[in-house]
Amino acid sequence: MEHEVDDYTLAIAAILKREQQRPGQPSYTQLAKITGMSRPTVDRMLNGQRDMTLRYLRALCTALGLDPAEVVDEAEAALDADPTEPVAD
């Protein structure tokens, strides 16, 4: 049984999902191949249904052309602005 993820993980997942949905970004299936994760794992992480380790965060960011530190900074800023609201898409 999976446990609930925290707001920090949800904020990071929302950012990654937003970026993945931009034109030209890899699909979930392509992300799975690039990162070596299973397709369901990618799906659960980007939908905020599973915690992600730093290794997975780095792999997803690299595949999406993002800087992991910038993703973390954006998530922290969003939570500091309003910790009860999810990061906007």
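A crossing of two helices is left-handed if the near helix is turned anticlockwise from the far one by less than a right angle, and right-handed if clockwise. By that rule, α1 passes α5 in a right-handed crossing.

This is a predicted model, in which local features need pLDDT of at least 70, side-chain atom pairs count only at pLDDT 80 or more, and totals for chains, interfaces and linings use all residues. Residues are numbered from 1 along each chain as its sequence is written, and side-chain values use heavy atoms, with hydrogens and water left out.

## Overall build

The chain has five helices and zero strands. Helices (H or I, at least four residues) and strands (E, at least two) are DSSP runs, numbered from the N terminus. Along the sequence, the pattern reads α-α-α-α-α.

The chain has 89 residues, and 39% of them count as buried. Buried means under 20% relative accessible area, exposed over 50%, and partly exposed in between (1.4 Å probe, protein chains only).

Contact means heavy atoms within 4.5 Å. Take the contacts in the chain with a separation of 6 or more: residues 24 or more positions apart account for 62% of them.

## How α1 meets α5

α1 and α5 pack at an angle of about 120°. Their axes are 9 Å apart. Axes are lines fitted to C-alpha atoms, for helices over the stretch in contact, and angles run from 0 to 180 degrees between N-to-C directions.

α1 and α5 are therefore oblique to each other. Angles under 35 degrees count as roughly parallel, over 145 as roughly antiparallel, 65 to 115 as roughly perpendicular and the rest as oblique.

From α1, the contact uses Asp-7, Tyr-8, Ala-11, Ile-12, Ile-15, Leu-16 and Arg-18. From α5 come Val-71, Val-72, Glu-74, Ala-75, Glu-76 and Leu-79. By class, the residues of this contact between α1 and α5 divide into nine nonpolar, no polar and four charged. Ala, Val, Leu, Ile, Met, Phe, Trp, Tyr, Cys and Pro count as nonpolar, Asp, Glu, Lys and Arg as charged, and the others, Gly among them, as polar.

## How α2 meets α4

α2 and helix α4 (residues 54–64) pack at an angle of about 120°, with axes 10 Å apart. α2 passes α4 in a right-handed crossing. Leu-31, Ile-34 and Thr-35 of α2 make the contact with Ala-59, Leu-60, Ala-63 and Leu-64 of α4. This contact of α2 with α4 has six nonpolar residues, one polar and no charged.

## Salt bridges

A salt bridge is a side-chain nitrogen of Lys or Arg within 4 Å of a carboxyl oxygen of Asp or Glu. The count by this rule is four.

| Pair | N to O distance |
|---|---|
| Glu-74 and Arg-18 | 2.7 Å |
| Arg-22 and Glu-19 | 2.9 Å |
| Asp-43 and Arg-39 | 3.2 Å |

The side chains of Glu-74 and Arg-18 meet in a salt bridge. This pair links distant parts of the chain: Glu-74 is in helix α5 (residues 68–81) and Arg-18 in helix α1 (residues 7–20), 56 residues apart. Glu-74 is partly exposed, at a relative accessible area of 30%. Arg-18 is buried, at 18%.

In the second pair, Arg-22 is partly exposed, with a relative accessible area of 43%. Glu-19 counts as buried, with 12% relative accessibility.

Asp-43 and Arg-39 both lie in helix α3 (residues 39–46). They are four residues apart, about one turn of the helix. Asp-43 is partly exposed, with a relative accessible area of 24%. Arg-39 is partly exposed too, at 37%.

Salt bridges that share partners join Arg-18, Glu-19, Arg-22 and Glu-74 into one network.

Gln-20 lies in helix α1. Gln-20 counts as buried, at 10% relative accessibility. Leaving aside neighbours within four places in sequence, Gln-20 is in contact with Gln-25, Pro-26, Ser-27, Tyr-28, Leu-31, Leu-46 and Leu-64.

Gly-24 sits in the loop between α1 and α2 (28–35). Gly-24 counts as exposed, at 81% relative accessibility. Gly-24 and Leu-64 are 40 residues apart along the chain, and their C-alpha atoms are separated by 9.7 Å.
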